[in-house]
Amino acid sequence: MGFFNKLKNLISKKEEVKDKIEQEEIKNYDEGLKKTRENFISKLNVLGIKYTKVNEEYFEELENILIMADIGVNTVMKFMDKLRDRVKSENITDTEYLKEVIVDELLIIYVEGESLSDKINIASSGPTVILMVGVNGVGKTTTIAKLAHKYISEGKKVMMIAGDTFRAGAVNQLGIWANRTGAEFYGKEETDPASVIYDGLIKAKELNADIVLIDTAGRLQNKVNLMKELEKINKVIETHIEGAPHETLLVIDASTGQNGIMQAKSFKEITNITGIVLTKLDGTAKGGIVLAIKEEVNLPVKFIGLGEKMTDLKPFDIENYIYGLFKDMI
Amino acid sequence: MFEYMGDRISNAIKNIRGMGKITEDNINDAMKEIRMALLEADVNYSVVKEFTSKVKEKALGEEVSKSLKPDEVFIKIVKDELVELLGGDYVPLHTEDKFEVIMLCGLQGSGKTTTAGKLANMLRKKHSRKPLLVACDIYRPAAIDQLKQIGNSLNIPVYTEDNKNVLEIVNHSIEYAKENELDYVIIDTAGRLQIDEVLMQELKDVASSVSLNEIILVIDAMMGQDAINVITGFNENLSLTGCILTKMDGDTKGGVALSLRHLTNVPIKFVGDSEKMDGLSEFYPVRMAERILDMGDILSIAEKVEGIVSEDDAKIQAEKLKKGTFDLEDFLTTMKQIKKLGPLENILKMLPGARNMGLNNINIDPKDMAHVEAIILSMTPYERRHPEVLKATRKQRIAKGSGRSVEEVNRLLKQFEMMQKMMKQMSNGKMKMPF
């Protein structure tokens, strides 16, 4: 069984690993995803106990479970069709075995298509500019703080630019984070975001910053004027530093429903989104929408937020993610 | 908000039109379509199942099969069921007491602080209350600062304290309100997960020792299926009195609204529908159901207008329209009033048949309105009352004065002329008023 065996090997291998950091990382995923997982797993297990045979009711309940994980109706429907075909052609009757097929097919959704890098693109020379975008309240500013913490602890010089000049208190919020993490900071209230970013980039060059993290105001993707503003911000960055922004990360709240697909599509049209940061995964939300986003918009997840601590931002690793989700099943 | 879901449901209903009667066979496709529409809008899976089976059962009932117009009966069934899902009657905010305390709670980033400002603004404007905003988000950096800035911009007092004990802050703020003759205390709290026991305890402590008139959950309308866990979690801990759905001005399909009341019995009191401080609307289940089905929401438009135009003014203008003496001066006044209604898109969406006329996806550039205003403002008062005197040289002067082109001035005059004609026809009873 393709992925499932791989997963088992991976897990047993990982358990042998003496490397502390890696163990720590798995533990983090584990704890962060605990609540997310418990619900989902217990449902899948109940499904296995309830049905010893694969029948229409089984499929219906599985469909329910997947939809409840916010995987997205279209993706789920396609997935169900595929699964039904496989059950038919391979003549699968055992629900225990089908569980493996389900996990396998779920992974395929994510890894299929053009393979995209989940690594952060670092500039060969000069500052690496990372632009954070997203709708209101997803956690852009907090994610910047976590990214700053990560790069500073790697010995990099980090600069934050407060491009959210709209929301009350936003500049101050980022300023406090700069102070706490020890990052350089540039921000001015009540100005045009593009001009703040322009000035900030000049300062970043003067200070020889390695990483520049740019915060932007939350904007709903259907607000034409705000999206135009983002276009302008992009142009300012592009013309000021060659090859920048090196990363444009769309921050999505794990509890987002299918509007997440619209967010990904609309933001991708305006800016060159290079990846997704999935935040607030420490709650009960499953963040399944990233599977639909990967399938429909082909954007990979680069980081996930697993808590409020500075160290709670982890690089996204599909294998670890699935490992976290399905650990109790194996 | 609900446009997309409404479109799919309307389409499903259209297909029923022209059928002699409803049978299990011929509504199956419609039911499938409705089911997908609801699921795509993130309506809770079990709610969808219940809804579709109820509608189907009613539709196949005797009355319908005898009806000559099955599509109309079907729409009524769907509407009634939608209203039922959305919670039947509108439950207003508690404002009867002389002194009220309300607490807002919710997940991180749901929009509590902004909503607190909007509530304070509305309470002062609509209910003539004297609100006090209380900053109890002691965790997020600059959250207190954010509330202070909002209070400042609205000229509404904000109570803050350098204290790590939320209950103490709340108690002190109530004392402060009473001392300063403020009568509606709005407590803004930090965002928290419903499973975070430590932080939930903080709110429980407030709820158990302070007499709260309302405990309101602020929840993001873009939330997916996890919404139900969040609402249930908060409700079990705090016995919520209501919800406010935020970010409804996005292109979310807002399915949360349909699951929420049905599964928890917590009423939706308001929806947040713009980033501005007046972007808070009362949630009327019937009106919402009509909007989902593209039946318009005239009542809400009328209420919005009422808040802005005095009855006398409205009468005078209506009289002028009737007599055909409505001039550019009046037009300017009307335009200024329309501007106060907030984004015009929001109003157009509420017209009956808006989706059919393509009004739901209109994006009106506020600049266009500003241009029209500039042109009219560049006319002399005499010219505004007698647009017929506007000839080439005057038009050139106006174009220069407003920074627009003569063509634009011409276009505006032409449109105004057409509007006058239309208005005359309407008042002569040859044409029905659109609303």
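In the predicted model, chain B holds an open sheet of 8 strands. The strand order is β3-β2-β4-β1-β5-β6-β7-β8, and the pairing is mixed. Strands β3 (158-159) and β8 (280-282) of chain B stand at the edges. Each has a single partner strand, so one side of each lacks a neighbour in the sheet.

Within this sheet, β6 (residues 242-246) and β7 (residues 268-272) of chain B pair in the parallel sense. The pairing runs over 3 bridges. B:Ile244 stands opposite B:Phe270 of β7(B). Helix α6 (residues 112-127) of chain B packs on the sheet. Helix α7 (residues 143-154) of chain B lies across β2, β3 and β4 of chain B. Its direction is at about 165° to β2(B).

Chain B as a whole has 20 helices and 8 strands. Of its 435 residues, 40% are buried. Contacts in chain B between residues at least 6 apart in sequence were also classed by separation. Of these, 74% join residues at least 24 apart.

Helix α15 (residues 328-340) and helix α17 (residues 366-377) of chain B pack at an angle of about 150°. Their axes lie 11 Å apart. Angles over 145 degrees count as roughly antiparallel, and α15(B) and α17(B) are therefore roughly antiparallel to each other. The crossing of α15(B) past α17(B) is left-handed. On the α15(B) side, the contact is made by B:Leu328, B:Phe331, B:Leu332, B:Met335 and B:Lys339. On the α17(B) side, B:Met369, B:Val372, B:Glu373 and B:Ile376 take part. The contact residues divide into 7 nonpolar, no polar and 2 charged.

Chain A has 13 helices and 8 strands. Buried residues account for 49% of its 330 residues. Among contacts in chain A between residues at least 6 apart in sequence, 77% link residues at least 24 apart.

The sheet of chain A is open and has 8 strands. Its order is β3-β2-β4-β1-β5-β6-β7-β8, with mixed pairing. The edge strands are β3 (184-186) and β8 (313-315) of chain A. Each of these has a single partner strand, so one side of each is left without a neighbour in the sheet. Neighbouring strands of this sheet are turned by 25° against each other on average, direction ignored.

Strand β2 (residues 158-163) of chain A pairs with β3(A) in the parallel sense, over 3 bridges. A:Met160 stands opposite A:Phe185 in β3(A). Helix α10 (residues 224-240) of chain A packs on the sheet. It touches β1 (128-133), β2 and β4 (211-216) of chain A. The direction of α10(A) makes about 175° with that of β1(A). Helix α11(A) lies across β1 and β5 (247-253) of chain A. The angle of α11(A) to β5(A) is about 160°.

A:Leu174 lies in helix α8 of chain A. The threshold for a buried residue is 20 or more other C-beta atoms within 10 Å. With 29 C-beta neighbours inside 10 Å, A:Leu174 therefore counts as buried. Leaving aside neighbours within four places in sequence, A:Leu174 is in contact with A:Thr141, A:Ile144, A:Met160, A:Ala162, A:Gly187 and A:Asp215. A:Leu174 and A:Asn259 are separated by 85 residues in sequence. Their C-alpha atoms are 27 Å apart in space.

The contact between the two chains takes 34 residues from chain A and 31 residues from chain B. On the side of chain A that touches chain B, α4 (56-68), α8 (170-181) and α11 (259-270) of chain A each supply at least two residues. Helix α8(A) gives the most to this side, with 4 residues. The residues of this side of chain A divide into 13 nonpolar, 16 polar and 5 charged.

Notes
Residues are numbered from 1 along each chain as its sequence is written. Chains are lettered from A and ligands numbered from 1 in the order in which they are written. This is a predicted model: local features need pLDDT of at least 70, side-chain atom pairs count only at pLDDT 80 or more; totals for chains, interfaces and linings use all residues. Axes are lines fitted to C-alpha atoms, for helices over the stretch in contact, and angles run from 0 to 180 degrees between N-to-C directions. Angles under 35 degrees count as roughly parallel, over 145 as roughly antiparallel, 65 to 115 as roughly perpendicular and the rest as oblique. A crossing is left-handed if the near helix is turned anticlockwise from the far one by less than a right angle, and right-handed if clockwise. Two residues are in contact if their C-beta atoms, placed from the backbone, lie within 7 Å. Ala, Val, Leu, Ile, Met, Phe, Trp, Tyr, Cys and Pro count as nonpolar, Asp, Glu, Lys and Arg as charged, and the others, Gly among them, as polar. A residue is buried if 20 or more other C-beta atoms lie within 10 Å of its own, exposed if 12 or fewer, and partly exposed in between; C-beta atoms are placed from the backbone. Two strands pair if DSSP finds at least two bridges between them.
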